[in-house]
Amino acid sequence: MIRKAALLAVMTTTMLSSAVVVPAGTANAQTTAAEAREAGTAAAGGRPAAARQGRQEPQLAVESITPDVPRDPTTEIRISGFFANTGEARNGLRIRLRHSAQPFARRADLATYLGGEGAQPYSYHDQYLEPTIAPSAKAPWEFTVTPQQLGINRFGVYPILLEVLDGFGQQVVAQRTLLTYLPKDVTVPRTKIAMVLPVIDQPRRADDATFIDDTLAKSMASGQRLGDLLKIAQDNTSAKGLTWMVDPALLDDAQAMAKTHTVKTKDATVKRPPSPEAGRWLRDLRAALARPPVIATPYADPDVTALTHNGVDDAARNGIGAAARIGREALGRDVIDYVNWPVNGMIDYDGLDALAGAGVDTVLLDERNLPSAADPTVSPTAPATTTTTATPVTTPDAFARLESVDGPVTALVADTALSEVLGADISAPGAAALNHQRFVAETAMIGAEQAVPAAGSAGAPRTAAKTVVAVPPRRWHPDPGYVTGLVKAAATLPWLSPVTLDTLKRPKSPVTPRSGLTYTEQDRRAELGKPYMASVKRVNSRADLTTGVTTAQDLDIFEPALLRLASSAWRGRTEDATPYVRQVAAAVDARIGKVSISGSDQPQFRTLAGSDGNVPISVRNDLTGPGSEIAVQLQVTSDKPKLLEIDPYESKDSPIVIAGGQNRTIRVPMRATAIGGQTTVTVQLVTKDKRKYGKPVKLTVRTTGYTGIALVIVGAALAVMLAAVVMRVLRRRGARRVAASQASPTAPPRPAGAPAGTES
């Protein structure tokens, strides 16, 4: 009888190994797919569509496995689901449950098994489905078993395989899952688990004034991405172990949309009233995040490595400063700004130095970025599976230490499998139950690693507590019920202790030795590309001019807009960011143009009435609002200094301050070295550090030499006038004498030869 059973087991194993179907919705191969879905999901605001592969094939869905962890040999375990017939009508189908009494020895074996390889369960129970299953119909099924019936008697994770067979015993479809058993008398060391849930979107505005489209409010609705993230926060306000990571740029956009705002349409810019959806979403999120720790990403979640590699070193510091300020304003509470999560959890030492220099002391990384330095620790006492003799290994602790130019930085390395499960796409039928079971199994295996029987308690594992971190994809679209189920499971599983990221204490020495940062050429190519970054740098350079002339302290009008242009959301889709770049560039140019030399749009002529004189030049400041007061200098140069010299003038070496809406006239002394002709003068506004601001203006200065000639003419005129006056005076005196002589006829005649005036 034993030989027959063994032969049956071998035949069953051989059959299953050649006809295994990978379960739909399992999380072991979701990371790459999740990353690829991020951009499209964020833009559309909807949940990713289910995988198309195998859609026309029959489906075997596992909808429920209860309880999560049976503790008694006689506990009833209910496994239920349905078979979906996608083809022609089927008759005589039966469903079979296969299992093994041997638990997995290594955690890595779980992924291998779920991927269709590795251990094969051989014991089985079966039952018939409905006699006839019509096309597109579903046939429910359910198994009720106990650990005792399955031959399970010790703590561990066990393989379960469900398969549908036709009347000839041929497999139609199969599904693999996991079952975890923990006897009541066994105590498992608790693993600290921190779940970090991101609320990160893509930029919705280019400059601060105008939204690119209307999609933000739509994504905040119930059932949409941001609406579902809010639902998770509302459903878990008192949950343990949740840390939220929020992009303040999203909160900033919500605040702006909750007020009267403008939206760019295809043909124009349209003014819109306050959005009730945005206002409600922001209020509800603020209430839901009043208690749990909130980490703020740098404003707009910029691609720090791309910025660093392209010479924009201050972006991390600027983004972190803006995040702390806006996060506090939007949420009404302080946010954590010393923890950073690089894009995809990948960073190199250049990026690490930039973050450390901006005040970051903890980074959240992917396992690929900081792998273990040596082979994992060997556990000599863990049981082996039926198909492998490989030695069990342990899960690395999350804590690691890195060195930056500003000192040590703590690294928290996210657990790949747990992160995949937390962020899994569960849109396929049965995916939620399968991933939930995998979460239970993965965490149980972490607790069971390096198990050593405690004295007086056979089989009771004893090991040091570990810390693991689970982080889903950046722009995920979760199912609220599924995520809440995982959060509740983490709080009730006897081998887990949920903690928040801010309560984790760095160990004195790394628990798991790790190699240095691994950042490949492929990671480098995934960054925002050089052509795009070059356009961002050009806009950044011009925007920096506006900061260079304002008198306000710590005010950078375009800093948020520039951080939005460098957002990690544009990775792989920079063409979508091009309208943002154009709009910000136009806004920068418009602001620069509001400070100008009066009349600069027309030909300019000035005349020197002589060899020297003052030429008036007016500077107009049309800026309004915060930061409208400016300080600029006037740079005046002669194109022909030998013909026209510029003498010292106000604003040559010190700036002039002009309030918004005002203008100032500067009188520039000029001196001509030659009489007559004209010379061109270039007038340029410059910042305090002598950078050119706006376009230069050309003035044509005419020198006439009229002053000397005028003096000669005036002198000659005065001489002629004086001569005329003298002649006139003389004439008048002569006339008076003649008149006097004619006025006395009775006077006796003077004797001849008598002197004049002598009387006879």
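**Figure 1. Contacts of Ser80 in a predicted model.** Apart from neighbours within four places in sequence, Ser80 is in contact (heavy atoms within 4.5 Å) with Ala61, Val62, Glu63, Ser64, Trp141 and Glu142. This is a predicted model, in which local features need pLDDT of at least 70 and side-chain atom pairs count only at pLDDT 80 or more, while totals for chains, interfaces and linings use all residues. Residues are numbered from 1 along each chain as its sequence is written, and side-chain values use heavy atoms, with hydrogens and water left out. Ser80 belongs to strand S2 (residues 77-84); helices (H or I, at least four residues) and strands (E, at least two) are DSSP runs, numbered from the N terminus. Ser80 counts as buried because its relative accessibility is 17%. Buried means under 20% relative accessible area, exposed over 50%, and partly exposed in between (1.4 Å probe, protein chains only).

**Figure 2. The largest nonpolar core.** A nonpolar core is a set of buried Ala, Val, Leu, Ile, Met, Phe, Trp, Tyr and Cys residues joined through side-chain atoms within 4.5 Å. The largest one has 73 residues, and Trp244, Trp281, Phe439 and Trp495 touch the most other members. Helix H13 (residues 431-448) gives this core its largest share, seven residues. Beyond four places in sequence, the contacts of Phe439 include Ile193, Met195, Leu418 and Val421, as well as Leu486, Ala489 and Ala490. A second, separate core has 59 residues, among them Ala543, Leu563, Val588 and Ile592. In soluble globular proteins, nonpolar side chains tend to be buried together.

**Figure 3. Helix H14 and its cover.** Helix H14 (residues 480-492) has 13 residues and should span 18 Å at 1.5 Å a residue, which agrees with the 18 Å between its end C-alpha atoms. The expected span is 1.5 Å times one less than the number of residues. Buried residues of H14 include Tyr482, Val483, Leu486, Val487 and Ala490. Among the elements that cover the buried residues of H14 are strand S10 (191-199), helix H6 (225-235), helix H12 (416-422) and H13.

Figure 4. The loop between H14 and S21 holds Pro494. With a relative accessible area of 23%, Pro494 is partly exposed. Pro494 and Arg190 are 304 residues apart along the chain, yet their C-alpha atoms are separated by 7.0 Å. Not counting residues up to four places away in sequence, Pro494 touches Arg71, Leu182, Val188 and Arg190.

Figure 5. Ala414 sits in the loop between strand S19 (407-413) and H12. Its relative accessible area is 10%, so Ala414 is buried. From C-alpha to C-alpha, Ala414 and Ala194 are 9.4 Å apart in space and 220 residues apart in sequence. Ala414 also touches Leu365, Glu367, Ser419, Val469 and Val471, with residues up to four places away not counted.

**Figure 6. The second largest cavity.** On a 1 Å grid over the protein atoms alone, a cavity is a set of points where a 1.4 Å probe fits but cannot get out; lining residues have an atom within 4 Å of a point. The structure holds seven cavities of 30 Å³ or more. Of its 13 lining residues, Pro298, Asp301, Asn340, Trp341 and Arg474 lie nearest the centre.

Methods: 1 Å grid on protein atoms, 1.4 Å probe; cavity = no way out; pocket = protein on both sides within 12 Å on 5 of 7 lines; lining within 4 Å. Points joined across faces, edges and corners; volume = space filled by probe spheres on them.
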